[in-house]
Amino acid sequence: MKIFITGAAGFIGKAAVKELVGRGHSLLALVRSKYQAAKLDRMNNVQTVIGDFSDPAKYRAALRKFQPDAAIHLAWEGIPDDSPRIAIKNIAASMLVFKELSEAGVKKIIGVGSCREYGDPRGKIGESASVAFPYNTLYAAKAHLHRLSSAFFEKPEVDFIWARLFYVYGPGQRPGALIPSAIRAKINGQKLDIKDKRAAHDFIFIEDVARALALIIEKHRFRHSDVYNIGSGKMVSVLDVLDLVNDLTSRRSAHPGGFFADISQITKETGWRPHTGIKEGIAKTMTHYNK
C-alpha cells in the first residue's frame, strides 16, 4: 500500500515509518528539514518531501505524483503548548492537509488525537464516552479537529478514522515527559519533583502504537468516522513508574485516580493487542538512554 504520512520525523512518526516499511508499505513522508529528510531517505521504500503541513504548496505536487492509497496525519506543532494561538494554528493547518488529501483522492485517512479529549474521567473509558469537557485547550483543539474533519469527510468514498492515543512512551519521547525525566534523574543522581505520585495513567509503548496504526490502515473496513482507543487497557500509578525506573519494589496504590482505555473495539476489528508491558517498556526505554 502507498501511504502519505505527516509528522514523519516526530516521536510517533519515526516509529510508524519503521513499522509500515517493515510491513512492506511504500511511504511518502512529510518532514520539515533536509536533515530529517536525509535520515529517512536512507530507508527502503521511503520518499520524502520537505515542507510545513500548514503550507500545502510545499507538498502538493509530490502528493499528487505519489498517489497514496492511505494517509496518517500526525503533525502537530508546539506540543505541549496549549495556548489558543497554537491550537487555532494547528486546527487550520490540519484542515488544509485533509483538504489536500481529499482532492488527491486518498481513500483511507487516519487522524490522531488524545485520550485527554475525554477530559479527566475515572475508570475504563470507551470510544463513546463524552468529549464535552477536554482537559485543556490543546485537547479541546484535538476534539474540535475530530468533529470538523468527520464532517468534512462525510461522503461515501472516504474512510476516515480517528485514533485516540493514551500515554505513549518509549525511546525518543520528548525530554520533559514523566518517564524520560525520571530516567535522567536516576542517571544524574537527582531527585525528581512529582506533584501527585498516586495519579495513574494508561501508558502504552511506542512500538505498540505504531503497530496499531499499521493494522488500522491494513484491516479497518469502511465505516465512516470510526474512533479507536489505543492504550494498554491498564492503569499504572506514577509511583509505580518511578519504582520501576529506580529498580524498587512496587508500592502500588490501592485506588489510584485515573482512567484507562477500553481497547475491545480495536482488538475485535483489527486483532491488535499491546505486546509490551510497562516493566519491559521502561527497560527498553532505559536501554536507549544508556547507550
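**Labels and their grounds**

Tutor: In this predicted model, glutamate 103 has a relative accessible area of 46% and is partly exposed.

Student: Why is glutamate 103 called partly exposed?
Tutor: Buried needs a value under 20%, and exposed needs one over 50%. Glutamate 103 has 46%, so it falls in between.

Student: What makes glutamate 103 and arginine 64 a salt bridge?
Tutor: The cut-off is 4 Å between a side-chain nitrogen and a carboxyl oxygen. Their N to O distance is 3.5 Å, so the pair qualifies. The pair links distant parts of the chain: glutamate 103 sits in helix α4 (residues 84–103) and arginine 64 in helix α3, 39 residues apart. Shared partners join Arg60, Arg64, Lys99, Glu100 and Glu103 into one salt-bridge network.

Student: Which accessibility class does arginine 64 get?
Tutor: Partly exposed, because its relative accessibility is 36%.

Student: How do you know that aspartate 52 and arginine 32 form a salt bridge?
Tutor: Their closest N and O atoms are 3.2 Å apart. The limit is 4 Å, so the pair counts. Aspartate 52 lies in the loop between β3 and α3 (60–66), and arginine 32 in the loop between β2 and α2 (34–41), 20 residues apart.

Student: Is aspartate 52 buried or exposed?
Tutor: Buried. Its relative accessibility is 19%, and the label needs a value under 20%. Arginine 32 has 57% and counts as exposed, because that label needs a value over 50%.

Student: What makes arginine 23 and glutamate 19 a salt bridge?
Tutor: Their closest N and O atoms are 2.9 Å apart, so the pair is within the 4 Å limit. Arginine 23 counts as partly exposed, at 32% relative accessibility.

Student: How many salt bridges does this rule give?
Tutor: The count is 15.

Student: Now the sheet. What is the order of its strands?
Tutor: The order is β3-β2-β1-β4-β5-β7-β11, an open sheet of 7 strands with parallel pairing.

Student: Why do β3 and β11 stand at the edges?
Tutor: β3 (46–50) and β11 (226–230) each have a single partner strand, so one side of each lacks a neighbour in the sheet. From one strand to the next, the twist averages 20°.

Student: How do you know that β7 pairs with β11?
Tutor: Pairing needs at least two bridges. Strand β7 (residues 159–165) has 5 bridges to β11, so the two are paired. They run parallel. Alanine 163 stands opposite tyrosine 228 in β11.

Notes. Residues are numbered from 1 along each chain as its sequence is written. This is a predicted model: local features need pLDDT of at least 70, side-chain atom pairs count only at pLDDT 80 or more; totals for chains, interfaces and linings use all residues. Side-chain values use heavy atoms; hydrogens and water are left out. Helices (H or I, at least four residues) and strands (E, at least two) are DSSP runs, numbered from the N terminus. Axes are lines fitted to C-alpha atoms, for helices over the stretch in contact, and angles run from 0 to 180 degrees between N-to-C directions. Buried means under 20% relative accessible area, exposed over 50%, partly exposed in between (1.4 Å probe, protein chains only).
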